[in-house]
Amino acid sequence: MKRTTRGALAAAVAGLAAALGATATPAAATAAVPVPVPLGGAETALGTELPEIAGELPVPTAGAPEGPRYTEGRLLPDRTLPQLPVTGGLPGLDVRQPLPHLLGEGFDHAALDAPAAGLRTLTPGLALDTPLRAPAADGGLPSLGLPRAGVLAPVVETVPSAGLGVGPGL
């Protein structure tokens, strides 16, 4: 391959990489992925104005679990199987529906806007302790007791919101 051909090919690849890098965003860097619902073809085929619908799908990301917490008198850590935090969101929806003046003059569109809401969760965890207790402080043998087991409940935290409105040309 000639030097000029290699140079032209390298310039084309570099330009393409720059163009793709400027427009593409990695999925992990975005909080929600937009999902448009194309109804233009159905609108043209039916000869009527259809609603505009768009959605958002959140991208969940897993966090790091807490490290073990040792407590005095126990042989196993406090949370044997730690809870895993996962953050993401609830899906969002945006709908704009034309109304043929059903509510009177000035009210020709209805809109529903439910943006993607943040969501924080913790998976269930497990707390265990053995029937063998810690050795006595005076150097004696460990004592026996009942085994202990507990399930750490899952956690879900979110604050969803939505707005409904009617008006001219929303």
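Which side chain meets that of Arg-120 in a salt bridge? Keep the question open while loading the chain; the answer comes at the fourth stop.

**Before starting**

This is a predicted model, in which local features need pLDDT of at least 70, side-chain atom pairs count only at pLDDT 80 or more, and totals for chains, interfaces and linings use all residues. Residues are numbered from 1 along each chain as its sequence is written, and side-chain values use heavy atoms, with hydrogens and water left out.

**Stop 1: the whole chain**

Select everything and colour by secondary structure. The chain contains 2 helices and 11 strands; these are DSSP runs numbered from the N terminus, helices being H or I of at least four residues and strands E of at least two. In sequence order the pattern is α-β-α-β-β-β-β-β-β-β-β-β-β.

Of the 170 residues, 14% are buried. Buried means under 20% relative accessible area, exposed over 50%, and partly exposed in between, with a 1.4 Å probe and protein chains only. The accessible surface of the chain is about 11,800 Å², and carbon and sulfur atoms account for 67% of this. Areas come from the Shrake-Rupley method with a 1.4 Å probe; for residues, only the protein chains shown count as cover.

Taking contacts between residues at least 6 apart in sequence, 64% join residues at least 24 apart, where contact means heavy atoms within 4.5 Å.

**Stop 2: the open sheet**

Select E1, E2, E5, E6 and E11. These 5 strands form an open sheet in the order E1-E2-E5-E6-E11, with antiparallel pairing. Strand E1 (32-37) and strand E11 (163-167) are the edges, each pairing on one side only. From one strand to the next the twist averages 10°, with axes as lines fitted to C-alpha atoms (for helices over the stretch in contact) and angles running from 0 to 180 degrees between N-to-C directions. Two strands pair if DSSP finds at least two bridges between them.

Now step across the sheet.

- E1 to E2: 6 bridges join the antiparallel strands, and Pro-34 stands opposite Glu-56 in E2.
- E2 to E5: 5 bridges join the antiparallel strands, and Ala-54 stands opposite Asp-94 in E5.
- E5 (residues 92-98) to E6 (residues 109-114): 6 bridges join the antiparallel strands, and the bridge partner of Asp-94 in E6 is Asp-113.

**Stop 3: a nonpolar patch**

Select Val-33, Val-35 and Leu-57, and show their surface. Together they make a nonpolar surface patch of about 210 Å². Patch residues have over 30% relative accessible area and no salt bridge; like charges are joined within 9 Å, and nonpolar side chains (Val, Leu, Ile, Met, Phe, Trp, Tyr) within 5 Å. Leu-57 lies in strand E2 (residues 52-58) and is partly exposed, at 46% relative accessible area.

**Stop 4: salt bridges**

The structure holds 4 salt bridges, each a side-chain nitrogen of Lys or Arg within 4 Å of a carboxyl oxygen of Asp or Glu.

Select Arg-120 and Glu-157. Glu-157 is the partner asked about above, with an N to O distance of 3.1 Å. The pair links distant parts of the chain, Arg-120 in strand E7 (residues 117-122) and Glu-157 in strand E10 (residues 155-158), 37 residues apart. Arg-120 is partly exposed at 35% relative accessibility, as is Glu-157 at 41%.

Finally, select Glu-66, Arg-69 and Asp-78, which are linked in a network of salt bridges. Arg-69 meets Glu-66 at 4.0 Å, N to O, and Asp-78 at 3.6 Å between the closest N and O atoms. Arg-69 is partly exposed, with a relative accessible area of 38%; Asp-78, at 22%, also counts as partly exposed.
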